[in-house]
Amino acid sequence: MKLASVTVGGVRRGAVVDETRRSVSLLSCTVDDVVRGAPVETAEVLPLSEVRLEAPLHRFNRDVLCTGWNYWDHFEESAGKREGRDPVERPLRPTFFTKGPDTVVGPHDAIAYDPSVSQKWDYEAEIAMVIGRDGRSIPEEKALDHVFGFLVANDVSQRDLQRAHGGQWLKGKSLDATMPLGPWLTTADEIDDLTGLRVQCEVNGVLLQDATSAQMAFSFARIIAELSHGMTLRAGDVILTGTPSGVGNAREPQLFLRDGDVVVTRVSGLGELRNTVTLTDLGAR
């Protein structure tokens, strides 16, 4: 099942997506409600072309939980380019950080861009997973039982801000309206092979990232087991699972996003995001 958040007549609704028929069946509740256990009861059917797709989730329990350095090719491509903050060796466990929920935008929304805040806006295609059942210290062999589904994300990052605040990643990952999420939430039962998901990112039609989830350093189950160790994960929590190689900061010459760039992020079986980097004032309001 593919669950979307749509706007119809100015009202946000949950919906079940039928990709084959290019239609949606509206729900009486939101996707956030379904993730937390509400029944799926469909009503009016509309063409997909007549609704606006929003970010599937809007009610966050906490910051978005994220995994860094989870594709070894990406870890290695950035060696010597972290401004003196390279680890002495490959991490033996997943590296975690968070980003604020105000970063989240929909699958076709603008990615905010303010060069007065940062000069180094980078793209990072990722698979995101959503927790559907609470749990703490979850064994790895049972971890996937706690996953409701998967979706596509782009962890747009500001590399200069990452370096400017003691090497901590939060600030360089948490600018408002910079993380596309969607286009819908695909339930876990629809994915036959979690190691065969192809992750891609294009900027202005040029393919810059292209990998599969088989290249992950730590599996989805391992991420959940490590993250939940002594820490409760709750239904509705969103977890990003890392980006593959090809990021702009590691290229020579470096390649950063600018106003007007079109960023397409796709994961096989999960859909596609298409967002335009748009000059935005992120100053005081």
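**Ground rules.** I number residues from 1 along each chain as its sequence is written, and I work with heavy atoms for side-chain values, leaving out hydrogens and water. As the model is predicted, local features need pLDDT of at least 70 and side-chain atom pairs count only at pLDDT 80 or more, while totals for chains, interfaces and linings use all residues.

**Aromatic pairs.** I describe a pair of aromatic rings by the distance of the centres and the angle of the planes. My rule takes rings of Phe, Tyr and Trp (its six-membered ring) with centres within 6.5 Å; planes under 30 degrees apart are stacked, over 60 edge-to-face, the rest tilted. I get five aromatic pairs by this rule.

I looked up Trp69 and Trp169. Their centres lie 5.1 Å apart with 80° between the planes, an edge-to-face pair. Trp69 sits in the loop between strand S6 (64-68) and helix H2 (72-77), and Trp169 in the loop between helix H3 (159-164) and strand S14 (179-187), so the pair ties together parts 100 residues apart in sequence. Helices (H or I, at least four residues) and strands (E, at least two) are DSSP runs, numbered from the N terminus. Both Trp69 and Trp169 are buried (under 20% relative accessible area; exposed is over 50%, partly exposed in between; 1.4 Å probe, protein chains only).

Next I checked Tyr113 and Trp121. Their ring centres are 5.3 Å apart and the planes stand at 65°, so this pair is edge-to-face. Tyr113 is buried at 5% relative accessibility. Trp121 is buried at 1%.

I also noted a cluster: Trp69, Phe97 and Trp169 form one aromatic group.

**Open sheet.** I traced five strands in the order S9-S19-S18-S15-S16, with mixed pairing. Strands pair if DSSP finds at least two bridges between them. The edges are strand S9 (111-113) and strand S16 (206-212), each pairing on one side only. Strand S18 (residues 262-267) and strand S19 (residues 271-279) run antiparallel over six bridges. Val263 stands opposite Asn275 in S19.

**Thr265.** I found Thr265 in strand S18. Thr265 is buried, with a relative accessible area of 1%. Its side chain makes a polar contact with the side chain of Asn154 at 2.9 Å (N or O atoms within 3.5 Å; within protein, one able to donate a hydrogen and the other to accept it, with residues adjacent in sequence counted only if both atoms are side-chain atoms). Leaving out residues up to four places away in sequence, Thr265 touches, among others, Ala125, Val152, Gln200 and Cys201 (heavy atoms within 4.5 Å).
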